[in-house]
Amino acid sequence: MAREGGRDAPNPFIDHLGLEIVEATQGVCRARLPVGGHLFNRYRVAHGGALFTMVDGTMSEALLSLLGAGDDCRTIENKINYVRPVGGGAVTCEARVLHWPLAFVQVFEKGGFDCVLGNPPWERIKPRQHSL
């Protein structure tokens with residue numbers, strides 16, 4: 001099946017969510033998502049998928065603002081940690097493209113990093129008290 005579209009084609013899913021791109025220029029994108037009933041889950045808070053889509057769309061628009069007219073991009077991996085529920089109102093998101101060789105010029109002038117460590121999410125767990 002042939003696909004039509006591209007970066008300038010309408011995005012019905014984004015439109016359905018109500019995601020508004022406030023600004024997308026020079027590797028920075030700011031977006032706004034009004035959170036209302038159609039985005040709520042059964043607990044009457046914003047569905048995580050809607051928030052995830054906002055983050056993904058905002059990152060894509062930030063990158064697209066740097067690419068040429070014939071270029072496009074796709075997300076290949078993404079992770080999000082939900083800190084607290086969103087019960088309504090509007091959520092804003094800002095994404096900035098980080099181009100490692102430009103952000104760490106001195107390191108890349110010497111050949112780059114030997115190792116890059118991530119900051120994995122963690123949670124402190126208290127051991128259970130067992131009574132015998």
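**The nonpolar patch and its rings**

Modeller: Happy to! Leu98, Trp100, Phe104, Phe108, Phe113 and Val116 together make a nonpolar surface patch of about 520 Å². A patch takes residues with over 30% relative accessible area and no salt bridge, joining nonpolar side chains (Val, Leu, Ile, Met, Phe, Trp, Tyr) within 5 Å and like charges within 9 Å. A salt bridge here is a side-chain nitrogen of Lys or Arg within 4 Å of a carboxyl oxygen of Asp or Glu. Accessible areas come from the Shrake-Rupley method with a 1.4 Å probe, and for residues only the protein chains shown count as cover.

Before we go further, please keep in mind that this is a predicted model, in which local features need pLDDT of at least 70, side-chain atom pairs count only at pLDDT 80 or more, and totals for chains, interfaces and linings use all residues. Residues are numbered from 1 along each chain as its sequence is written, and side-chain values use heavy atoms, with hydrogens and water left out.

Let us start with Leu98, which sits in the loop between strand S3 (89-96) and H3. Helices (H or I, at least four residues) and strands (E, at least two) are DSSP runs, numbered from the N terminus.

Now for the rings. Trp100, Phe104, Phe108 and Phe113 form one aromatic cluster. Rings of Phe, Tyr and Trp (its six-membered ring) pair if their centres lie within 6.5 Å; planes under 30 degrees apart count as stacked, over 60 as edge-to-face and the rest as tilted. By this rule there are four aromatic pairs. One of them joins Trp100 and Phe113, edge-to-face, at 5.5 Å centre to centre with 85° between the planes. Trp100 belongs to helix H3 (residues 100-103) and Phe113 to the segment after helix H4 (105-109), so this pair ties together parts that are 13 residues apart in sequence. Phe113 also pairs with Phe108: the ring centres are 5.8 Å apart and the planes lie at 85°, so this pair too is edge-to-face.

Phe113 is partly exposed at 33% relative accessibility, and Phe108 is partly exposed with a relative accessible area of 33%. In these terms, buried means under 20% relative accessible area, exposed over 50%, and partly exposed in between (1.4 Å probe, protein chains only).
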